[in-house]
Amino acid sequence: MPPQSEYVTLISNDGFEFIILREAACVAGTIKRMLDPASNFAEASSGVCRFGQFNGLIIEKLTEYLYYNLKHRDSKDVPDMDIPPALCLELLVAADYFDV
C-alpha cells in the first residue's frame, strides 16, 4: 500500500472540493473510520470522501470546525465558533453524522 497523503479531499453533493489536512479530517470520527486503511473502504486508498447528503456550505463549515478543533484541542476557555442561526439545524444533523 502506498504511503498516505498528508491531505484528503472532501466533496460535497454540489461538487465543491475541500482539500484539508488528514489530521484535521480525522477529528471527525466518521471520516477517520473512512480513511482507516484497515476499513477497506475505497476512501482509505483514494483519500477522497464524497458526501452526497451535504452541500458545499455545510462541508465548508465542517472543515472550518475540524481545523478549529485541531487548533484548540489542548486549550482551555476556547471562544465559540461563529455559526449562522440559519444553518444550525443542518449543522446539527451533520455533526451527528460526522461524529463530532
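Which elements cover the buried residues of α4? Among them are β1, β2 (17–21), α1 (22–25), α2 (29–35) and α5 (88–98). Here helices (H or I, at least four residues) and strands (E, at least two) are DSSP runs, numbered from the N terminus. Buried means under 20% relative accessible area, exposed over 50%, and partly exposed in between, with a 1.4 Å probe and protein chains only.

A word on the basis of these values. This is a predicted model, in which local features need pLDDT of at least 70 and side-chain atom pairs count only at pLDDT 80 or more, while totals for chains, interfaces and linings use all residues. Residues are numbered from 1 along each chain as its sequence is written, and side-chain values use heavy atoms, with hydrogens and water left out.

I begin with helix α4, residues 56–71. The expected span of a helix is 1.5 Å times one less than its number of residues. For the 16 residues of α4 this gives 22 Å, and the end C-alpha atoms are 22 Å apart, which agrees. The buried residues of α4 are G56, I58, I59, K61, L62, T63, L66, Y68 and L70. At the start of the helix, a side-chain oxygen of N55 comes to within 3.0 Å of the backbone nitrogen of L57; a polar contact is a pair of N or O atoms within 3.5 Å, where within protein one must be able to donate a hydrogen and the other to accept it, and residues adjacent in sequence count only if both atoms are side-chain atoms.

Next, the strands. In β1, 4 of the 5 residues are buried. Two strands pair if DSSP finds at least two bridges between them. β1 and β2 pair in the antiparallel sense over 5 bridges, with I11 opposite E17 in β2. Their hairpin has 5 residues between the strands, and G15 there takes a positive phi near 90°. β1 also runs parallel to β3 (residues 48–50), joined by 3 bridges.

T9 illustrates this arrangement. T9 lies in β1, residues 7–11, and is buried at 14% relative accessible area. The bridge partner of T9 in β3 is V48. Contact means heavy atoms within 4.5 Å; beyond four places in sequence, T9 contacts E17, F18, I19, G47, V48 and C49.

How many aromatic pairs does a search of the whole structure find? There are 5. Rings of Phe, Tyr and Trp (its six-membered ring) pair if their centres lie within 6.5 Å; planes under 30 degrees apart count as stacked, over 60 as edge-to-face and the rest as tilted. The rings of F51 and Y97 have centres 6.4 Å apart and planes at 85°, so this pair is edge-to-face. F51 lies in the loop between β3 and α4 and Y97 in helix α5, so the pair ties together parts 46 residues apart in sequence. The rings of F51 and F98 are also edge-to-face, with centres 4.8 Å apart and planes at 75°. F51, F54, Y97 and F98 form one aromatic cluster.

Finally, the core. A nonpolar core is a set of buried Ala, Val, Leu, Ile, Met, Phe, Trp, Tyr and Cys residues joined through side-chain atoms within 4.5 Å. Of the 22 residues in the largest one, L10, I31, F51, I59 and F98 touch the most other members. The largest share, 5 residues, comes from α4. Thank you.
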